[in-house]
Amino acid sequence: MATSIHLDTVRKEFRTLGNTHVAVDDLSLDIPEGSFTTFVGPSGCGKTTTLRMLAGLETPTSGTVSFGDEDVTDLPPQERNVSMVFQSIALYPHMSVRENIGYGLKVHGVPKAERDERIDEAAAVLQIEEQLEKMPAELSGGQQQRVALGGAFVQDPDVLLLDEPMSDLDAKLKSDLRVEIQRLHQELDTTVVYVTHDQTEAMTMSDHVVLLRDGELAQVDPPKQLFDYPNSEYVAQFIGMPSTNVVDCAVEAGDGGTALVGPGFELSLPAGIDAPTAGRVRLGIRPQYLDVGSDGACRLSVDVEVVETLGTESVVHGRLEDGTSFDVVSDAVDDAVAGDRLDVSFDLANAFVFGEDGETILFGSERAGERSSPAGAGGVTP
Amino acid sequence: MATSTGRGLVSHDTQKRLQRIAVYLTALLISVFTIVPVYVMVVIAIQSPATTFAGGRVNLLPTEPSLRNFLVLLGSTDTVRYFVNSLVVTLGSTVLSTTIAVAAGYGLTRFDFTGKSLAARAVLFSYMFSPIVLAIPLYVVFSTLGLLNSHFALTLALTAISAPFCIWLMWQYFQTVPIALEESAWVRGASRWRTVRDVVLPVARPGYISAAIFAFAVAWNDFTMARVVMSRDEMYTITVGASLFLDRVNIGWGETMAVSLLISIPPFLIALFLQRYLLQGFSVGGLE
């Protein structure tokens with residue numbers, strides 16, 4: 001039975017030789033039952049520690065962890081109905097694939113006949129029937145990962161925890177397994193919590209993405225929401241490939257209202273929006289929302305440094321006139337070479353304005369009247 | 001190597017050939033020093049002294065193999081008893097030392113406790129003592145406890161010699177066993193004991209077999225401890241017993257070599273069947 005997960009001001013400190021390192025800093029979070037939630041963030045942001053606290057492998061320094069209504073904060077891993085797939089895969093080298101998958105069932109005293117039946121079922125789902133009698137060392141990396149997955153879900157856990165399960169696989173296998181894991185989630189009645197540092201995995205698979213920064217919550221939202229309404233510069237830069245361009249701008253009062261003045265461009269903000277009238281801000285614009293040519297509302301020039309061709313489109317890495325690095329993704333720049341100057345333009349509706357503290361103070365689309373409030377309808381609530 | 005590649009006087013192939021010849025020569029030299037004594041031992045053991053020393057010189061090409069020397073050993077010495085004594089204390093000490101090593105190695109790698117690094121250093125330090133340094137204090141201890149001339153005391157004494165290195169070996173070995181394997185078993189519901197039994201011990205097998213082989217070698221080849229702890233003839237181990245043979249009038253070189261051959265059999269069998277594990281375990285311990 002899938003269960004909801006509640007974290008209430010969970011804190012985890014590690015002490016080594018008098019130094020206290022706060023890995024997770026008073027994290028509060030509700031994860032709905034049956035959902036697929038991804039913890040994402042750079043290494044050292046506390047995502048794996050949080051997952052290990054869900055598994056019972058670490059005990060929080062303070063705060064509580066509950067599954068549904070049950071407080072599991074101090075329960076050892078053996079007494080929680082969770083399964084976990086480890087980054088290192090962690091197959092038992094001395095057991096066959098069949099024994100590996102069935103080990104949890106064996107521990108729980110499931111009779112051999114039923115065990116074999118469930119193992120065969122799991123193997124069929126994961127397409128590793130041929131490998132059942134082999135030893136883990138004989139399998140490829142992708143097959144080993146499937147076995148680890150099989151061992152985790154064959155037990156019918158309330159919560160399935162995955163700790164960067166694909167970080168050692170190649171790109172092709174990753175995209176195959178991504179689909180596999182999602183299919184599995186649809187078939188299983190279980191709450192999935194997935195940890196990754198790869199924002200592509202987070203965006204493609206999850207119902208909700210939990211973005212962490214230095215042990216604190218940066219933002220919790222469904223992927224699309226996170227992409228369109230990042231609540232800080234950190235979120236905007238972390239989510240999306242290539243990363244969001246961020247340009248320093250000065251805010252100046254002009255004739256037609258407030259204007260943002262950056263390197264080589266001036267952008268006037270219409271009256272009636274809640275923006276500072278002086279000081280400095282940072283303007284964020286995703287590379288995908290830039291058009292080559294100068295017919296858009298806001299124009300700037302980019303000195304091309306490197307062009308990566310991806311087939312249907314190209315990624316141009318360049319710099320603005322003050323040296324700020326600036327990327328453009330477009331299908332109309334095939335002939336650009338290093339040294340060219342490229343005129344690009346964008347629509348204010350696609351831009352973000354960040355205050356000096358990094359918080360988003362303006363979503364372009366808000367100004368465009370597409371949406372009234374950036375915060376809102378997410379299942380996961382911080 | 002460096003000079004010849006620089007000047008190009010010797011071709012790459014020639015270099016390789018020279019290298020190989022050097023390796024073979026060294027190996028040959030070393031084998032001469034190890035194999036010749038063993039050969040001499042075997043030849044003298046399987047010939048009667050009359051054949052060996054016929055014609056006033058030592059004959060080292062066996063012409064008339066005989067079991068005479070072994071029959072003398074069985075008939076007029078306590079070889080069998082010594083051999084049994086050796087087996088008893090060696091087995092006891094091997095099991096004890098390996099058990100201690102597995103428990104200590106697991107504890108040192110899996111639990112944090114105050115004084116852990118001190119304990120680890122103490123283990124390595126105690127390994128540096130020569131057995132003779134421990135012998136007299138142990139004699140005093142066993143004498144006080146009334147344990148002299150017992151298999152039990154010798155087993156403990158031998159364990160004191162082999163355990164530090166075995167602990168160190170297992171400590172190193174357990175560091176190579178990923179903790180994720182155990183965590184994965186815990187999450188699946190296995191208790192710590194069950195995890196040790198189902199996962200840790202099977203995975204650590206090369207490690208503890210190496211430790212056991214080492215403990216075996218220490219105990220089987222021991223002379224010092226047995227000499228100190230055992231003072232009654234019927235309690236001697238085979239090494240002590242055999243060393244005393246030559247003092248006797250009725251025992252000569254032939255019988256001594258025969259008993260040496262007997263002493264060599266158990267280590268030989270172990271090397272033959274378990275060398276795969278030995279190398280695996282020691283390479284982790286950084287000894288290869």
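Before I start, a residue is called buried when its relative accessible area is under 20%, exposed when that area is over 50%, and partly exposed in between, using a 1.4 Å probe and protein chains only. What you see is a predicted model, in which local features need pLDDT of at least 70, side-chain atom pairs count only at pLDDT 80 or more, and totals for chains, interfaces and linings use all residues. Residues are numbered from 1 along each chain as its sequence is written, chains are lettered from A and ligands numbered from 1 in the order in which they are written, and side-chain values use heavy atoms, leaving out hydrogens and water.

Let me begin with chain A, and with helix 1, residues 47-55, where helices are DSSP runs of H or I with at least four residues, numbered from the N terminus. Because 8 of its 9 residues are buried, helix 1 of chain A is largely enclosed by the rest of the structure. Those buried residues are A:Lys47, A:Thr49, A:Thr50, A:Leu51, A:Arg52, A:Met53, A:Leu54 and A:Ala55. After helix 1 of chain A comes A:Gly56, which has a positive phi, near 95°.

Turning to chain B, its division is into domain 1 (12-66) and domain 2 (78-250 + 265-285), with bounds that come from an automatic or database domain assignment. Taken over C-alpha atoms, the centres of domain 1 of chain B and domain 2 of chain B are separated by 33 Å.

Finally, I would point to B:Leu25, which is found in helix 2 (residues 12-46) of chain B. With a relative accessible area of 52%, B:Leu25 counts as exposed.

How values were computed: Helices (H or I, at least four residues) and strands (E, at least two) are DSSP runs, numbered from the N terminus.
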